[in-house]
Amino acid sequence: MKIKDQIIFVLAVVVCLISLTGCVNQTPPTPTATSVPATAATTPEPVMPAATELIASVNTEEPTPPVEVADTQADIRYQLDVSLDYAGHTMTITQTIDYTNSTETSLSEVPLILPPIRTADGFSLLNFQMGTGYEASTYDFQNEILWLTVSPALEAGQRLSLNLLYKLEIPESQTAFGYTDRQMLLSDWYAFIPPYLPGEGWLINQPGYVGEYLAYPLADFTVNVRLSPPMDSLVVAASAPLQSLDGNCWRYSAQQVRNFSLAISPEYQVFSAGTDQVTIYAYLFPEHAALGARAASIALEAWVLYSELYGDNPRQFMSIIEADLTDGLECDGLFYLSESYFASADETPQNYFHLLVAHETAHQWFYGLVPNDQAFEPWLDESLAAYSELLYLERYYPDLVDWWWGFRVRAFGPTGAVNSIIYDFLTSRPYINAVYLRGVTFQQALRDAVGDEAYFAALKRYADSSQGDTFRDADSFFDAFHQVTDIDFTQLTAIYFK
Ligand SMILES: [Zn+2]
């Protein structure tokens, strides 16, 4: 089935009655539709059950009353019950989504983003059931988006419930959704509802060749991971602290986080550091275990500084994951750092390992707490995360500030517009030069122009978490500066922006 066919299925009567399994000694619901593995990852083709098969799964009991009115709970809640075959590289996921329309707009369509349609070796939607009280629904698979036509429309404040059952074949690849011979990384692995921006609509991007593209709104998570078959020797890292480990089942709960990732390996050695503000864990491969305590303590130093500069971060938890990846990558509650950075570290702060731990920790503010569109305005999080490296050195290793400008920035002779979009680039070096490195040069020029007091006051306003989950843009950034200074920024933006 080709994506472009835009097949639309119509369900006659849909009531949701999937009984969600807990974690202990239970199996996911029996699939009610035939699954077919998708084809090779290079040309992923989502596989949908035939409409008749879906209809066959529909329970014909009397529909329960229409959508419930929202209570005081989170607008978006996910429960993910995962049966993971680590050695077989497959996972079966039973997912419940509770979504309250907080958009002040009547929604007749709601998108579900399913990133593994693009990245998994196989994706099979085994069952899909929608809401209570809906008389009809249609859905439409395009790329990694499942568009739900909601009838009656979901009014502001009303709640929609969805149940999905799907199976993924995890690809062998050095990516944030993939496995190698010693590790499995699970990011962007489940269905989610994207942000809805007032006056603009759903924030949905397509992947580029560089950078990040998915935008997640804050949500509450309950995640239960059961190994099937059981394996004794695995170490599981996650975006949130482990709530309980019942035999073979890892249980997690996270409130108001952007997404939920897992990293699993039989080899991880675990280190930690903490204060009353935050607990940091570091998961390292044995050959780099000597760097474990240091990684955790660098991140802790950075966390303390950023809390002071940008404001408290309610996350209070972060994991550092050494990974079979080519670079670093931020997620909410954890970040991955390529094993190559651990391998090339020395005992000084003058290496990428040290700088990137500080950099990725800053993303728990600029990305985690303070959201922006990473595809169309990546400078908002990346220039600030990169500039945070310098602020970290200023605080803890002031003698290394000049070294940093030479090593990190001038050595690359960066060119390009700070406000470039990810789709402007085919390779990462020009992207990093423009967005990150000219980005930090811009941040320094801005700071020089307004002075330290105004610069840090404006950053704090920009990051102010009392704005809730409002996606920030360039206007938000400059508005924060206009609140603390009268300086005209047009000359600066003429130099650095397109
Ligand atoms: Zn970054």
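Hi everyone, and thanks for coming. Please keep in mind throughout that we are looking at a predicted model.

Let's start with the metal. Which residues hold the zinc ion? The protein donors are His 359 and His 363, each through NE2, together with Glu 382 through OE. They lie 2.0 to 2.1 Å from the zinc ion. If you like to read sites from the sequence, the spacing of the donor residues is H-x3-H-x18-E. Now find two of them in the fold: His 359 lies in helix H5, residues 352-362, while Glu 382 belongs to helix H6, residues 379-396, so this pair ties together parts that are 23 residues apart in sequence.

Four strands make up an open sheet, and their order is E9-E10-E17-E14, with antiparallel pairing. Which strands stand at the edges? Those are E9, residues 177-180, and E14, residues 235-238; each has a single partner strand, so one side of each is left without a neighbour in the sheet. On average, neighbouring strands here are turned by 10 degrees against each other, ignoring direction. Looking at one pairing, E10 (residues 183-186) and E17 (residues 262-265) run antiparallel and share three bridges. If you want a residue pair to click on, Leu 186 has Leu 262 in E17 as its bridge partner.

Now for the backbone, beginning with the prolines. Where do we find cis peptide bonds? One runs from Ser 151 to Pro 152, with omega near 5 degrees, and Pro 152 is found in strand E7, residues 145-154. Another joins Ser 228 and Pro 229, where omega is about 5 degrees.

Gln 256 is not a glycine, yet its phi is positive, near 50 degrees. This residue sits in strand E16, residues 249-257, and its 38% relative accessibility makes it partly exposed. Gln 316 also has a positive phi, about 60 degrees, without being a glycine. You can find Gln 316 in the loop between helix H3 (292-310) and strand E20 (317-323). With 46% relative accessibility, Gln 316 counts as partly exposed.

That's my tour, and I'm happy to take questions.

Note on methods: Residues are numbered from 1 along each chain as its sequence is written. This is a predicted model: local features need pLDDT of at least 70, side-chain atom pairs count only at pLDDT 80 or more; totals for chains, interfaces and linings use all residues. Side-chain values use heavy atoms; hydrogens and water are left out. Two strands pair if DSSP finds at least two bridges between them. Helices (H or I, at least four residues) and strands (E, at least two) are DSSP runs, numbered from the N terminus. Axes are lines fitted to C-alpha atoms, for helices over the stretch in contact, and angles run from 0 to 180 degrees between N-to-C directions. Buried means under 20% relative accessible area, exposed over 50%, partly exposed in between (1.4 Å probe, protein chains only). Donors are N, O and S atoms within 2.8 Å of the metal (3.2 Å for Na, K and Ca); water is not among the atoms, so sites may look incomplete.
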